[in-house]
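Please keep the sequence and the coordinates at hand while reading.

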Amino acid sequence: MDIQEVVGLVNTLSGAPTTRSNNTTDLDIVRVQQHFQKIQTSEHGFDIANQLLNLDPNQFPNCGYFGALTLTVQLNTNVHSIDQLWKLFFANISHLVRLSHNYITTNSRRSSSSWNTIKKLMSNSSLIFTNLNNDANQVSDDINNNLPNFWNNPIDTLIFLLSSFNDPSSGVSVESWSNLNDPNLNQLILQSINNKISYDQLINFIQQSKHFNKLILTFTEIIVEDITKFQSKKNSISQIYEIVHNHLYITTMTILNFNLSNFNIINTDLNDLLFQSISAWINYISMARTVSPHGKMDLNEIFLNLIHLMSSITDNYTTTQKIVSIFANVFANDALLLDFDIRYQFEVIFLGVSRTQPPPDVSLDDLTNKNQWMMQYMKHMVTNEMYDDLRELSNCIVDFLQINTLDVCNKLFTTLGNNNSSNSQEHIKILLQLTNFPLTPVLQEYFSVKMVDFWMDLAEGYTNLPQESMNENSADVAIEIFQQVLNIYLPKISLLNKQKLLEDTDEDNEINAFDDFRTAVSELIESFWAVLGNSRLTNVLIEGISQNSTSNPDIFQIETMAFLLNILLVDMDLSDSPWICDIIGSNSKSFFDNILFLFQTGHTNIIMANQVNKLLQTNFVKTSTILIGTLAGYYETDVAQLSMTIDKLFQGLEVCAISTNDQGIKDLNDKLETFIINTIAKLCEDCKKQLTGYLNQFINVLNSILDLNSNMSNFTREKMMRSIGYILQVLVSNGPQEQANFVLALITNTIQLIEKTMANSNIQQVQVQINYIHCLCSCISELGSSFIQKNEMEDSLMLPRLQEFQTFWAEDPLQIRAKVLNILDKLLSNPLYGKRPEFVEISCLILGKASTIPEDEPHFLRFSMPEIMEFLIKHLSTSELSVSLPYFVYLLERLVCQFKALLTVQEYDFMFERFFLAFYQDIIAKDPDLVQMTVNFVNNTLDVKPSLAIHSTHWTTFILPEFLKLLSSKEKFTLVATTKFWTKMINNKKYTQQDLETVQQQINALGQNITLQVMYGVFHTQRSDINAFTDVIRALIGKYPMQTKNWLIDVLPQVCHNPTANDLFIKKLSVARGSRASGNVILEWWLTCNALPSL
Amino acid sequence: MSSLCLQRLQEERKKWRKDHPFGFFAKPTKKVDGSMNLQLWEAGIPGKESTIWHGALYPITIEYPDEYPSKPPKVKFPAGFYHPNIYPSGTVCLSILNEDQDWRPAITLKQIVLGVQDLLDTPNPNSPAQEPAWRAFSKNKSEYEKRVLLQAKQYAK
């Protein structure tokens, strides 16, 4: 291989301007890359790497790095024995020493490319270090080499070799370092492998210049970073932890501590390297101590040096910030790396107090001074608006605090170790001050944000304490603390702070972080409830809202309290909580005045407001409407307030109906409208009995918004119709006629609107009209849905009059059903609507509305079977069946379920002929979705009343033969439906004796064919679909064990000629129990027959 | 609840509080006595921006079995939730939540909720769990989108 050619490739890849022409395309680069990779992995890779590394870096600046990279490739691909690894070790270390020497002794500008090459060679050394010390490694076969079994300390090796470079006594000339065959060089390297460097040698070495120091700091960082990364990939490297612990750790700690003790602020880049190296070692030890007994290494001296440096250096806190960042990482990920004494020190530094007595050799005065320094540091950050650094410090402090939450909890509330409760209370006082950090949360400070977690842990810790361990006054202490926390957070999460944030930044992240903060506080308040209860929390919020001056209310305070109150009330059934209702009731006027004031402030003049206020006002509407919805249970007991609230909600809705061409305002109105209508619907559903007197008001609103020219969304129209339906549902006291009159009026009005729109067809507005008419149909459907009770009939007024209502709606004297049927018929007869599947769908939904409720429940849309069938048959031929057939079939399935007792086999045959057979070849068979629909229809019949299908004339002539073919479908959904069919057919608990006999005969006749199709299907399916067949095979073997065994013996050779696998399959299958075991047997057979590796 | 299950759920809660994607919430429910039920969580999944699911926070429940983390939790939307891969009961059909498919004990709550959020806008047509949404998604996209937008209003945030 010609080195010039390789240099050319390297230059192309590294984008050297002299070699890469303007015409070089990405494709060319990919080709060059592939070619170069081939060279790197080839048997010439090793020689090429050495040649590239030996080139003059000034002349060929990129070649060294590619040479080192090629050694990496060789290490990863071409090492098949320990001797090959040692060979690479010798080459790599000699290049590393030579290039490092050049780097530290050169007087000219140090190039970044040669530094990158050195780092890559260090990384190779780190890989070799890990591999050589691997548990699984064998001793070298080449006894003459006297190669050791381990490589203890790469740092010592590097220092020894660098010290020998240029040393005539070493017997290796400078030139020889490029000659890997030089026996003296090899001897020197061999000697260096486990040569120990003394403390003095080490210190002298790094003191020579900052470049020597930099080299060693980088090398140790790279080694532990690589082992940390490597750990996730490999388990058998426990040997390495012992070697690192016994050798590299000692050397590194010496270097790191020396550097910290002799810290010089001028050496910025060296200092950064020092901190990086420390971080890498912290991460390494944090990982290693969990995986090996040798991973436990003491970092106390480093930590003490860092603490000292952090609090004593005078470089305008630049170094302090870096050290805080290191500690933040420790506290966040593995705080127990610090021992008790150091944690004690931190507690006093951060807070100025400690919950415990000082350790014997710790000077409290010194720590108190450090706390003074911390206060200065915080002040400096606040004064200079260094909010990012302040955030880092808050992370650091709060993560630190969370280590001790349980201890704080025990000391404050229990008799365990409660020897110094005044200290603990002092401690809490400081924490409260920290939480109440006097800046704007998120925008300026994160202490309050981070402290949420601490308080939540404390509250939960307190709640989980065993009663017998608690102090006498623990409840009082807890209440006092958590009430103070509540009082701190109320202004902190106020939207006033969000306003400041919105005015200050466009950053979504910060705004999101504030919203997240509010959510976190709301969860905290939920935890507090377990401690404070309703009397000290829920009531406080209710009274807080009520007592806010009604003449000059603080809207932000009301919003905050409403936001939190909702969280507490949302899981309570207020209609069953008289105590809470009494509290609300005793404050009801001012309470609701303020809630509605919040709502009105939200929507009033919102479109004129600036962007910030628009967002805040939307929040006001959101909080108030959600709380109003949650208060539905209370409104059941206070009709006056309900009435006032409904009025205000309607007024709000009216505001949203304003006409505008501004899309932004439209979107805003749409959002507000959605909040309001959802709340109206919730109130109507929960307070329907109380709202019967307001029916006319509701209907007036509905009539105005149903108009085509109204700006209300279809969603609001449909919701309003449903809301009215809820009220109508309980309008039973005066008998069915009154209810029916309202229903008739609503239906008639809706139908008139449909007819009017159909008659005034406007070509340019056709899509609008279609959507509008569809919405009106949906309104009829929604009205129908609102009459379906969620639970069993609960209305005490309805039950005594049930018979009366049943008779009334069965007779339907007002012809409401006929009117509905008539308009649907008109719509589907018009090709503009009838050809659209959404109109078929909504028609079927309306016709099937009452099919899901018990037969004794009266419903104005309970159509008879002939009515529905006649309608379906009529429109089947005029609809676009390829898209509409599923909706017809959906209704048909409902009919089978609803009328199963009355349905005859002949009627079932008729359905099957008209809806399936008539279109099977032309439409259904061409679309796997429709095929699946057909199979599912039969499956539904097998679930509901199997005899209808089994005794159908189409069972043997069409269903069985056709569904047998479908077992080899490629579409998973068809396959799943078909295997479900065969499973249900073979094993069905709903069979009558007659059904069972018929089916048994059919299976005995068809069994072999079924088995063949199933096994053929399994063999040819993809692995992920094999499960689809498990149940059918289990059903066969379960219900027909002897026959299935014989069928399998006959058919398996036809499917796959592998007698051993087939025999094993039959044997294993007959003893497999459970779906999972059978699934594994089938999978094993499939793997063996497809020549794939077994499980 | 096994100690492994309890330990892992406590760990999940801690992790979630420390790091969770914005706009989501997830918290254990409360038992009648006010204590925490770590095996049943309620969570909210925001619809992704620039999708038809945007603007709403969809509620789910996450029920952890005693065998968790060997077995996956059951994730449920409200019954009748409109989506091709959500069963009529509300149960989510997602491979990472299926013990026989891609469930691994290392999967975290964060990965689950993000997986569910992803599923909202990228349904898997090969794994239909309900008829109406799956049919509309395959055959009538505009109708599908219309229904999803309506549902988004139902859960508007």
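Predicted model: local features only at pLDDT ≥ 70, side-chain atom pairs only at ≥ 80, totals over all residues.

Residues are numbered from 1 along each chain as its sequence is written, chains are lettered from A and ligands numbered from 1 in the order in which they are written, and side-chain values use heavy atoms, without hydrogens and water.

## Salt bridges

Side chains of opposite charge can pair when their charged atoms come close. Over all chains, the search finds 35 salt bridges (a side-chain nitrogen of Lys or Arg within 4 Å of a carboxyl oxygen of Asp or Glu). Three of these pairs are tabulated here.

| Pair | N to O distance |
|---|---|
| Lys322(A) and Asp272(A) | 3.0 Å |
| Lys18(B) and Asp399(A) | 3.2 Å |
| Asp515(A) and Lys498(A) | 3.0 Å |

Secondary structure here means DSSP runs, numbered from the N terminus: helices (H or I) have at least four residues, strands (E) at least two. Accessibility is split into buried (under 20% relative accessible area), exposed (over 50%) and partly exposed in between, with a 1.4 Å probe and protein chains only.

Take the pair Lys322(A) and Asp272(A), joined by a salt bridge. Lys322(A) sits in helix H14 (residues 318-333) of chain A and Asp272(A) in helix H12 (residues 268-291) of chain A, so the bridge ties together parts 50 residues apart in sequence. Lys322(A) is partly exposed at 28%. Asp272(A) is partly exposed too, at 29%.

Lys18(B) is partly exposed at 48% relative accessibility, whereas Asp399(A) is buried at 6%. A network of salt bridges links Asp399(A), Lys450(A) and Lys18(B).

Next come Asp515(A) and Lys498(A), whose side chains meet in a salt bridge. Asp515(A) is in helix H23 (residues 508-547) of chain A and Lys498(A) in helix H22 (residues 495-504) of chain A, so parts 17 residues apart in sequence are tied together. Asp515(A) is partly exposed at 24%. Lys498(A) is buried at 7%.

## Annotated features of chain B

UniProt positions follow the numbering used here, feature names are shortened, and annotations may be inferred rather than shown by experiment. An unreviewed UniProt entry annotates residues 4-157 of chain B as "domain: UBC core". The end C-alpha atoms of that span lie 36 Å apart, and the span is 33% helix and 18% strand.

The UniProt annotation "active site", also from an unreviewed entry, covers Cys93(B). Cys93(B) lies in the loop between strand S4 (74-76) and helix H2 (109-121) of chain B. Is Cys93(B) buried or exposed? Cys93(B) counts as buried, at 18% relative accessibility. Leaving out residues up to four places away in sequence, Cys93(B) touches Asn85(B), Tyr87(B), Leu119(B), Ser127(B) and Ala129(B); contact means heavy atoms within 4.5 Å.

## Helix geometry in chain A

Helix H46 (residues 993-1020) of chain A has a kink of about 60 degrees, centred on Leu1006(A). The bend at a residue is the angle between axes fitted to the seven residues ending there and the seven starting there. Buried residues of H46(A) include Ile1003(A), Gly1007(A) and Ile1010(A).

Helix H24 (residues 555-569) and helix H26 (residues 588-603) of chain A pack at about 105 degrees, with axes 10 Å apart. Axes are lines fitted to C-alpha atoms, for helices over the stretch in contact, and angles run from 0 to 180 degrees between N-to-C directions. H24(A) and H26(A) are therefore roughly perpendicular (65 to 115 degrees). Among the contact residues are Ile558(A) and Ala562(A) of H24(A), and Phe591(A) and Leu598(A) of H26(A).

## Two loop residues

Gln690(A) lies in the loop between helix H30 (663-686) and helix H31 (695-706) of chain A. Gln690(A) and Leu642(A) are 48 residues apart in sequence, with 8.4 Å between their C-alpha atoms. Gln690(A) touches Tyr635(A), Glu636(A), Val639(A) and Leu642(A), residues up to four places away in sequence not counted.

Phe150(A) lies in the loop between helix H6 (112-132) and helix H7 (154-164) of chain A. Phe150(A) is partly exposed at 31% relative accessibility. Beyond its neighbours within four places in sequence, Phe150(A) contacts Asn133(A), Ile193(A), Asn194(A), Gln239(A) and Ile243(A).

Conventions:
Parallel < 35°, antiparallel > 145°, perpendicular 65-115°, else oblique.
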